[in-house]
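Walk through this model from its helix pairs to its sheets and then to its cores. Keep the structure open beside the text.

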Amino acid sequence: MNQETGNEQIKAHKPDIHRSTLDSYFSFHDDVKEVEFNRHDTPTPWMNYLSNGTFHTMLSQAGGGLAFYKSPQIWRITRYRFFHLPTDRSGPYIYLQDADSGSYWCPTFEPAFSKPTEWKSAHGLGYTRFEAKKDGLAAKTVYFVGSYENSLIWSLTLTNQSQSVKELNVYAYAEFGMMEFMRELQWQCYNKHQVSVSYHEKGALIYKYGVENQPKPDETPLVYFTSDTPLHSYDGDRDEFIGSYRSESNPTAVEGGGCTGSTLLGGDPCGALQFKVTLQPGETRTLNIFLGTAMNEAEIAKAIEHSREADFVSRSFAALDESWKGYLGKLECELPDEDAKRMINIWNPYQAQRNFQFSRNISFYATGTFRGVGYRDTAQDILAIVPFDPEAAKDKVRLLLGQQYQDGHVNHYFFPTEGWDPVTTIHSDDHLWTALAVWDIVAECGEASFLQDTVPFYDDGEATVYEHLRRAIEFSASKLGPNGFPLMLRSDWNDQLFRVCRKGKGESICTSMQLGTVLLKMKDLASLAGIPEHAAGYEAMYEEQKKLINTLAWDGQWFRRAVMDDGRFLGSDVHDEAKIWLNTQTWAVMSQMADQAKAIQAMDSVHDILDTELGIKKLHPSIITFPDPADPLTNYNKGTGENGAVFCHANTWAIIAECMLGRGDLAYKYYRQLIPNVAMEKAGITRYKAEPYVYASNLFGPESDKFGLANVSWLTGTAAWMYVAATQYIMGIKPVLDGLRIDPCIPAEWEGFTVKRRFLGCEYDISIKNTSHVCKGVKEIRVDGKLLSGNVIPVYPNRSAVRVEVMM
């Protein structure tokens, strides 16, 4: 079956598929690792994350966004209204006012009614910049969070390009939230009387969230808002600055002659700073504004003094720049495909790092109210961090294993910062993901001592990392269903499948395959942990599950998805809906469980039935009435979310599976069609909507009337797995237990590519040539001119660099 109907739908809905249309909105500048925006009115806010690991800001291309300290659930500093209109409000805004005429505008374009005549913005790695001009005044504002203080730095540079003196009022504004977002929604009528904004003698406003019964009152910071430029006036009361029946577009203080000097003892808080600036013709002047946190007023005073040092801002930005150069320098490639090269070198690892940092906590799509740290999400996010920061990866594994019970199962998600009780539902897959991350860490570090680290259990006691992983396997082994597959429990990776196992009898074929993948890793880890006798048990369990996969799980043209409570198979050709599911085809290959002929047939079915020009559908056909019209398997509309959408996260496994089968042309097709700007160009910018520089979780599928609409960008498992698929399977550069394996699987038309990979203190300068125009297969490898036996390059502890030449 093909997807002609859906693909025709793409072509029918969009007149703006041409590259020139995309260029009118944005352009990439890979030399400086930026994406530049030429219009403010993108279809959705296109976000960036600015962070030093403690203080964070989410900021859009038009200046909307919010700041938070550690947690957006309990220490959200500023307000953002997500799905409300007008879109993308509020944010850290600057207003520039001509003191003579009273006219004013914002360098961010929004929110003032009067707009700059020239404008552009750009997202870089950890910073966002706005450049604008109006009436002979040029303004450049750079927002970033530095490493030296927990603050958002707003560096504003003004240049008078006119022939006359300019007298300006400059306003900096931020609307303070009540920190605990859910309590604000529920109890703001009372909580607002327990907040305050006061003036500090060092020329700063201090916001205090003093609400009773906070989760961690002793750890709640004070917020300061200040500058390195003397204040003219200020406001701490939003009503005084904005006014009644007004908005950020037309603040009454700006239009009425200036701030009032208000503070606040109960009400709706804000921070507004007013400066008087005189610019001679041709003069340039920089003002730096700081929105930050500290634990008490003494620490605030020290932070202000530090921030006002002459070179503080320049040093902070230089340190930010150097940190990202060092981070991304761990792996750099030159590819025939500029779009892929850009994603692999810049935006994919950048997005993956932010996923690792924030899990699925807060984005334009997720309000940051309930998710915390998801166990399965975070375990997968680790995979893309290991090459860049293995120590951070280890710390995250320790954090996760601390959520494991002695019997081997884990908490589904938890709140290490907030201290709330975890979500304790038991899923068949959660506890298994950790082993994949640990195996990668051991391979990256070149030694296995991490397996002996001791980590506590959630309920009591402690054990080594290896023992934690072993108990996860034992838990799965103790929870097998009537057919021998792992019980679904609450669900597997697909949370929507909770409806197939309400009676506790449903079994997950997908988890069986995941278990098989993990068992292969555990065989290696058992030997490294000095317990080789465990390996035989893992092998036996693997073979038992493999036999089931090739018999009961096989439907004739593809692998089935699950066994339902009533004993029927989900994902079978005998049904009218949800006949074929993507995950069991890909994991059958990834686990190496599928017989070769079945593996090829299953992946051929993926191509023939599930693939579209915008990615591979998660299942087909979409569910409407199955298995019972009164109680269908999902409430998602057809072609959306978990029900027939292009689930990008799951597409990454199809790429890996095709690489393992050696079908590089097909693997690369699946990879390239989901590169965000490529997908946007196909779907049309007004249909795709989400950012063209980071991956989304899913795209509406061809059974939807909005085929190609991208959803839940930035914080998605797509980022980690796409990076793994691109670097370890397409480019084929993968650390293994005895070195660095080189096994590319590329389009046959590629002549070759190069990669620089930092591994165990040595830089591997790898040149891969494909004069035979094959998709897969290494003919020979030379290291510094010496012929190597096999395709695993050994570790070179006494060399800083080696030159690797690979012939396919």
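Predicted model: local features only at pLDDT ≥ 70, side-chain atom pairs only at ≥ 80, totals over all residues.

Residues are numbered from 1 along each chain as its sequence is written, and side-chain values use heavy atoms, with hydrogens and water left out.

Start with two helices. Helices (H or I, at least four residues) and strands (E, at least two) are DSSP runs, numbered from the N terminus. Helix H15 (residues 582-590) packs against helix H17 (residues 648-660) at about 40 degrees, and their axes are 8 Å apart. Axes here are lines fitted to C-alpha atoms, for helices over the stretch in contact, and angles run from 0 to 180 degrees between N-to-C directions. The crossing of H15 and H17 is left-handed (the near helix is turned anticlockwise from the far one by less than a right angle). H15 contributes Leu582, Asn583, Thr586, Trp587, Val589 and Met590 to the contact, where contact means heavy atoms within 4.5 Å. From H17 come Ala650, Asn651, Trp653, Ala654, Ile656, Ala657 and Met660. By class, this contact has 10 nonpolar, three polar and no charged residues. Ala, Val, Leu, Ile, Met, Phe, Trp, Tyr, Cys and Pro count as nonpolar, Asp, Glu, Lys and Arg as charged, and the others, Gly among them, as polar.

Now take a second pair. The axes of helix H12 (residues 465-477) and helix H14 (residues 533-550) come within 12 Å and cross at roughly 35 degrees. This crossing of H12 and H14 is left-handed. Tyr466, Arg470, Ile473 and Ala477 of H12 meet His534, Tyr538 and Met541 of H14. The H12 contact with H14 has five nonpolar, one polar and one charged residues.

Next, the sheets. Strands of a sheet pair through backbone hydrogen bonds, either parallel or antiparallel. Two strands pair if DSSP finds at least two bridges between them. Strand S27 (residues 562-563) and S28 share two bridges. Ala562 stands opposite Leu570 in S28.

Another open sheet of three strands runs S36-S37-S42, also antiparallel. S36 (733-736) and S42 (792-793) stand at the edges, each with a single partner strand. S36 pairs with S37 (residues 739-742) over four bridges. Ile733 has Ile742 of S37 as its bridge partner.

Strand S21 (residues 331-334) shows two faces: Leu331 and Cys333 are on the covered one, Glu332 and Glu334 on the uncovered one. S21 pairs with strand S38 (residues 752-759) in the antiparallel sense over four bridges. Leu331 stands opposite Arg757 in S38.

Finally, burial. Buried means under 20% relative accessible area, exposed over 50%, partly exposed in between (1.4 Å probe, protein chains only). In helix H21 (residues 718-730), 13 of 13 residues are buried. Just after H21, Gly732 takes a positive phi of about 75 degrees.

A nonpolar core is a set of buried Ala, Val, Leu, Ile, Met, Phe, Trp, Tyr and Cys residues joined through side-chain atoms within 4.5 Å. The largest has 188 residues, of which Tyr671, Tyr764 and Ile766 touch the most other members. Leaving out residues up to four places away in sequence, Tyr671 touches Ala340, Met343, Ile344, Ile655, Tyr695, Met722, Ala726 and Ile730. Apart from this core lies another, of 47 residues, including Ile74, Leu137, Trp154 and Leu168.
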